[in-house]
Amino acid sequence: MTDRMLRIRNLDAGYGKLRVLKNISLHVKSGEIVAMIGANGAGKSTLLHTIIGLIRPMSGEISFLGQACDRAAVGRIVASGCALVPEGRQVFASMSVEENLLLGGYVLQKEKGRAAVQEELARQYLLFPRLKERRRQLAGTLSGGEQQMLAMARALMSRPKLVMMDEPSTGLAPLIIRDIFKIIRQLREEGNTVLLVEQNARAALTIADRGYVLEVGKIIVQGPATDLLANSDVQRAYLGREKIE
Amino acid sequence: MTLELFFQYLFAGITYGSLYAIVAIGFNIIYNTTGIINFAQGEFVMLGGMISISLLQFMPLGAAIAVAVLITMLIGAAIEMLFIRWLVHPSVLRLVIITIGISILLRESALHIWGESIRSLPYFYGNEITTFSLGSVNISPQVIWVILACAVMMVGLNIFFRSTPIGREMRACAANRTAALLCGVNTRNMVTLSFMLSAGIGALAGCVMSPITYTQYDSGASLAIKGFTVAILGGLGNSMAAVAAGLLLGIIEAFSVTVVPLAFQDAVTITILLIILFVRPHGIFGSSEAARLKDF
């Protein structure tokens, strides 16, 4: 098996007749943090939704861990070890924090049983002590940062090999964003692979190994994160800094 | 009005009210997982009654009811798989029309199978004229059966949704379908399950009510309207509120006969439905903000 955990070739996808993603090719290696940056409407979320199976690709191939998964149902893709932390957290607002996490452990319970879920729950509480304090509270009453942590913990409950995060920093205070990114880095140290989609390009590229820049459905630049940070076009468009010659 | 009469009406109201509440809960269960109103809900109640009456020739009452509930659940599942499961992103209007079609289909099938005659299960205990006295009020034991059965169903459903994994997954589906999908939950199976569950509780209600209300091929339609009124009155999707609203409607209906002739009893319900739809479409217990987020 190659070290390419996720591999996408010539992917076209969109909604109805609207083609949002045009001829996307990319890969994510095991143990990497890969950042996908781009403006609003560039197709970043569409890309993640296509990978996880919420949207059927129009053409092209997606393979995860060497297995083609471009026609598989969401449940199967999640069970094979790919998890998405959706944009806008999407927690189950009317349910308690612990119930949210148990639902995240749905595929784990099917495969390994209830004991594994309890074990994983304890691990998430260790990683996010805040959630343990609030385990009986309804998820809808949590603050934005706590909800983001809950969404991340819920995705991690399935013991994914690849975690995809859609705009984890949106709408959060700078201090909390720092915590979130610290956790992402910590995840990688524990051996996880992360595909991070962000508008906050600087923060994302700072913790990433490699990056892709998506613009109106196409990948226009790719390379090691340090190169992208130094690239004058990327700086101008996404890092808010005009390089003065 | 004498005190005895007052209690007599009250018990009648509670009896019918529990039935309406069960039909409304059936609406809510399906509404929560699919976002649609299943207008065939009343037909499940009719099917429960009819099937159990037919089975009574072959087996004792308890078994007949249990088998009738099971068969109705299977019919519910079959309907979902046949007419709804394979649709890709169906619109709300399309689904509603489909359920109306299903209700007509079930009613007409019942007409062919059982004919137009009015049937009923025997009283579970005693007969039509058996009563026992509660203080100064005479009550048929069947009334107690109905109230008991409805109460057990409500408590059972509550436990099911609160503390079993499948109940939790169904609630997750209702709270956020996309997120449930992302957890790996098969949301389509949850929809099938919600149809089975609604069909099952509807059928059981149909069985316990049959000795009092009788069962006919078209008795589902008026029940559906009553149940729909209650579901709206309580606020769509809120099952606990449906219980309160159901009892309220049942009691209003029962007492309405002291003011208007009996023939106008259904008109009272329809009037309440219209007033609620005009004035508080989100129900007396629902919040208008939450209602604005719903597409139906």
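**View 1. A:Phe64 and its bridge partner in strand 5 of chain A.** In this predicted model, A:Phe64 has A:Gln67, in strand 5 of chain A, as its bridge partner. Strand 4 of chain A (residues 59-64) pairs with strand 5 of chain A in the antiparallel sense, over two bridges. Two strands pair if DSSP finds at least two bridges between them. Strands (E, at least two residues) and helices (H or I, at least four) are DSSP runs, numbered from the N terminus.

**View 2. The open sheet of chain A.** Four strands of chain A line up in the order 2-1-4-5, with antiparallel pairing. Strand 2 (18-29) and strand 5 (67-68) of chain A are the edge strands, and each pairs on one side only. Helix 1 of chain A (residues 44-52) packs on the sheet. Helix 1 touches strand 1 (4-15), strand 2 and strand 4 of chain A. Contact needs C-beta atoms, placed from the backbone, within 7 Å. The direction of helix 1 makes about 70° with that of strand 2 of chain A. Axes are lines fitted to C-alpha atoms, for helices over the stretch in contact; angles run from 0 to 180 degrees between N-to-C directions.

**View 3. Helix 10 against helix 11 in chain B.** Helix 10 (residues 239-256) and helix 11 (residues 265-279) of chain B pack at about 135°, with axes 9 Å apart. That makes helix 10 of chain B oblique to helix 11 of chain B (angles under 35 degrees count as roughly parallel, over 145 as roughly antiparallel, 65 to 115 as roughly perpendicular, the rest as oblique). B:Leu249, B:Ile252, B:Glu253 and B:Ser256 in helix 10 meet B:Gln265, B:Val268, B:Thr269 and B:Ile272 in helix 11.

**Notes.** Residues are numbered from 1 along each chain as its sequence is written, and chains are lettered from A and ligands numbered from 1 in the order written. In this predicted model, local features need pLDDT of at least 70, side-chain atom pairs count only at pLDDT 80 or more, and totals for chains, interfaces and linings use all residues.

Terms used. Two residues are in contact if their C-beta atoms, placed from the backbone, lie within 7 Å.
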